[in-house]
Amino acid sequence: MAEHTAAKKPQMPSAFDLLNIESLLSEEERMVRDTVRRFVKERVNPVIGEHFEAGTFPRELIPEMAELGLLGMHLEGYGCAGLSAVSYGLACQELEAGDSGIRSFVSVQGSLAMFPIWAFGSEEQKQKWLPRMAKGEVIGCFGLTEPDHGSDPSGMLTNARRDGDSYVLNGSKMWITNGGVADLAVVWAKAEDGIRGFLVEKGTPGFSTSDIKHKLSLRASVTSELYFDDCRIPAENMLPNVKGMRGPLSCLNEARFGIAWGATGAHRACYEAALEYAQTRIQFGKPIGGFQLVQQKLAIMATEFVKAELLALQLGRLKDAGNIHPVQVSVAKRNNVREALKTAREARSILGANGITLEYPVSRHMNNLESVYTYEGTDDIHTLIIGQAITGISAFS
Ligand code: TGC
Ligand code: FAD
């Protein structure tokens, strides 16, 4: 029988790890996390406010992110780091603690542009593109959403007509992360035999982009519209090994996984700013963190943060065991973004007027999270995916 250790005083947990999640990570996972955390602290945090204000993406960081192995880091071979899903998740968490735009860049490059080539491409396509994408020499984007088809992409109008040794693409894609800076667009279009993925190189005649301006969210990220006007590409640029919505939706599983983790990073950054402020801001003769109402807000933030981390970690363990279902990704994406957004709003209130400035990260994260709540399947869509899984009845058809 286990001996009682009543005499041993339990150790007070860290304010950022109330449930000692640290103890559930391997040495390699901690090392990845700490390396990316250092990169974000030293290279992202000092410049991100200025980029957000200017509405620019810090392109100068791309070679460093590549050097750290962050591009396609969960893919095997072809110059990719081949790390575990949990390590990829931890990297996303740290990147998004910096800014959702930085995590978005890595998500789109690795999960949405490299993954479809890796999973559905020909050997030639893999050899041609993946090593250069892992090095950050080729930037990718993922074109699924259209102006009139967001949550329901299966209704897409963009089409690809076979003409001899070519496909001819017509249509447009909207809200495409990295669109204007990408060297290679992975574009989903209706072909004669169903929805197919196509690789469209920058500069191809008939392919053009324009960046979306005046965004109030994801400002440190390029978001663009893509246009295809009789855009002729070689037939070998089609991804041969997938047909139908399973293609793009499989890529979304990968990226939504990264978002479920990433949102916990923005969550932590907002909680951290609020906690520090509450401990130092004096009103009515004492730190505001001494008032019960403020403590309640902080206690909820801290609890929801560790709950979200536990969800993400279990999701990662399932993925690493090769036993993950898309509905589990929906559970985590929906919960973790929703809770991060709630924390961002509460943190903003704790910071009072200071909370609306760029001097603190909170409003920037809060605005970013509004996009994260919408992209990769809105909160409503993930609710309905979960609803379908538990009732067996689809709300979509
Ligand atoms: P449904 O009729 O149920 O299925 C069609 C086919 O797809 C298969 N499938 C999946 N395969 C892999 N993973 C999944 N999660 C899958 N879900 C469904 C399914 O088995 C079937 O295959 P087959 O072979 O039998 O034909 O699908 P549906 O067309 O009715 O779609 C349902 C719905 C609403 C869930 C789906 O359309 C959806 O998820 N909509 C949301 C759209 C979305 O998330 N767009 C994201 C665009 S990319 C983006 O936002 C990037 S942000 C970038 C950044 O991080 O910065
Ligand atoms: P809609 O689908 O029109 O939805 C509007 C509202 O209606 C939402 O609240 C939605 O939840 C609700 N709604 C829709 N259908 C239902 C329903 N059946 N039941 C209940 N409510 C419903 N897309 C890409 O392809 N590639 C990218 O790289 C990319 N990057 C993006 C970057 C940013 C910054 C943003 C904001 C978006 C990006 N997107 C990208 C697009 C994104 O995936 C879509 O915005 C998202 O899928 C929702 O589509 P929508 O905006 O057209 O909204």
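Residues are numbered from 1 along each chain as its sequence is written, while chains are lettered from A and ligands numbered from 1 in the order in which they are written. In this predicted model, local features need pLDDT of at least 70, side-chain atom pairs count only at pLDDT 80 or more, and totals for chains, interfaces and linings use all residues, with side-chain values based on heavy atoms and with hydrogens and water left out.

**View 1. The surroundings of ligand 1.** Among the 24 residues around ligand 1 (a heavy atom within 4 Å), those that come nearest are Ser-104, Asn-253, Arg-256, Glu-376 and Gly-377. A polar side-chain atom of Ser-104 lies 2.5 Å from an oxygen atom of the ligand, and a polar backbone atom of Glu-376 is 2.9 Å from an oxygen atom of ligand 1. Of the 1100 Å² of accessible area (Shrake-Rupley method, 1.4 Å probe) that ligand 1 has on its own, the protein covers 69%.

**View 2. Cysteines without a disulfide.** The whole structure holds zero disulfides, a disulfide being a pair of cysteine sulfur atoms within 2.5 Å. For Cys-92, the nearest cysteine sulfur belongs to Cys-80 and is 14 Å away; for Cys-251, the nearest is that of Cys-141, 13 Å away. Cys-251 is buried (under 20% relative accessible area, with a 1.4 Å probe and protein chains only), its own value being 0%.

Definitions and conventions: Buried means under 20% relative accessible area, exposed over 50%, partly exposed in between (1.4 Å probe, protein chains only). A polar contact is a pair of N or O atoms within 3.5 Å; within protein, one must be able to donate a hydrogen and the other to accept it, and residues adjacent in sequence count only if both atoms are side-chain atoms.
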